[in-house]
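Work through these exercises with the model open. Each task is followed by a stepwise solution.

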Amino acid sequence: MLTQKQTSGSVSDCVQPQYLGLAVMASLDRRWLLAVYLIVPATVLTIVLDHWVFGQILRVAILPVMPEQWPLWVIIFGLPHVVAGTLTMVDSDYLRHYRKQFILPLILYSTVALAGVLGPSLVRVLVPSWLGIYTIYHLLTQQIGLSFTMLRPSRLMLFWKWMILLTGFLLYAGVYVGANIPDATIGGYDPYALCVIFSGSSLLLLTGSSFFLLKTVTAPVGARYLWANVAMIGSVFFAFVFGYTIFIVIIPRVIHDLTAFLIYANHDRNRNACTPHNYLYRLTQSLPLPFFLILPSISITLAYLLQASHHWLFATIIYLLTFMHYHTEAIVWRRPNLHRQHLNFA
């Protein structure tokens, strides 16, 4: 998963071993980022077999509507990734570097989090709805951003990005309306049918634009990664059309979280393996854990403890961490920020 690459002038403090004065940094092989998308054919095959071979027994009698009904899902996915992203910030250099950028958002999202837990009933409905839309944006833009690292900049990239986002938003809206307002109509039309028509149209535009973007690919796996993202959003559309709501949530979440943990592993190794700058790695130096397992293990544990209590304070903390995570992740991984300087792709 992580390979060694000789890089000159690395900002990493991990300068041993050395060869001819070149510092060694760990590299994240992009093929691992591509392997995460195996969830796409697996879920599509499951839908096909269940729908046409097994008489929809999975959808009707076995699968829940949402994966949150699985205890193991709640323990591993979602909040642990949010906690992990927050823990990468527990670094004195990072806190000093980013503090001016995050003070106002911290105040804003603290207020929103409190309102979402303790505010009037309408606000307690609006805050999770906003968070749901923000979540879709966050899940998709991470994968879009990684795609862009393998492409030569072009105007078409922005169109491609918004076709993915538009398709995702439309499908999310369709799920939300179906779950909360099942008898709703929009101008006399069925919202489900409108969602299928408009999301299908944006998916076709996305697919067409992808052929033109192939000319801008710069990385060896760039074309496959580009199509993997089209397949991801296409599989979500497929799940929506056939009523497998659970896969609409599972597919982008699994891809997003596993990708993020691969990135964190590469970043943390380059930043902390030799000289632990992050307080988490200073405290865990003596633990008999492989380096790449430290962050996931602690993140899953902390996330579980946060979710184990239904006290308003813990619910507020979860809201705050989630909103701040979405905000910070959109900033820290862009060049030339400190996080990005310790992330190395092969």
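**Exercise 1.** In this predicted model, find which residues of α10 meet which residues of α11, and sort the contact by class.

*Solution.* 
Step 1. On the α10 side, take Met232, Ser235, Val236, Ala239 and Phe240.
Step 2. Their partners in α11 are Phe247, Ile248, Ile251, Pro252 and Ile255.
Step 3. Sort by class: nine residues of this contact are nonpolar, one is polar and none is charged.

**Exercise 2.** Determine how α10 and α11 are oriented to each other.

*Solution.* 
Step 1. Locate the helices: α10 covers residues 222-241, and α11 covers residues 245-272.
Step 2. Read the geometry. The packing angle is about 165°, and the axes are 8 Å apart.
Step 3. Apply the cut-off: angles over 145 degrees count as roughly antiparallel. α10 and α11 are therefore roughly antiparallel to each other.
Step 4. Assign the hand: the α10 and α11 crossing is right-handed.

**Exercise 3.** Compare the span of α11 with the expected value, then state how many of its residues are buried.

*Solution.* 
Step 1. α11 has 28 residues.
Step 2. From first C-alpha to last, α11 reaches 40 Å, close to the 40 Å expected at 1.5 Å a residue.
Step 3. Burial: 25 of the 28 residues in α11 are buried, so the helix is mostly covered.

**Exercise 4.** Is Thr316 buried or exposed, and which residues does Thr316 touch?

*Solution.* 
Step 1. Buried means under 20% relative accessible area. Thr316 has 9% relative accessibility, so Thr316 counts as buried.
Step 2. Leaving out residues up to four places away in sequence, Thr316 touches Ala113, Leu114 and Val117.

Notes. Residues numbered from 1 in each chain as written. Predicted model: local features only at pLDDT ≥ 70, side-chain atom pairs only at ≥ 80, totals over all residues. Heavy atoms only, no water. Helix = DSSP H or I, 4+ residues; strand = E, 2+ residues; numbered from the N terminus. Expected span 1.5 Å × (residues − 1). Buried < 20%, exposed > 50% of the residue type's maximum accessible area, 1.4 Å probe, protein only. Axes fitted to C-alpha atoms, helices over the stretch in contact; angles between N-to-C directions. Parallel < 35°, antiparallel > 145°, perpendicular 65-115°, else oblique. Left-handed = near helix turned anticlockwise from the far one by under 90°. Contact = heavy atoms within 4.5 Å. Nonpolar A, V, L, I, M, F, W, Y, C, P; charged D, E, K, R; others polar.
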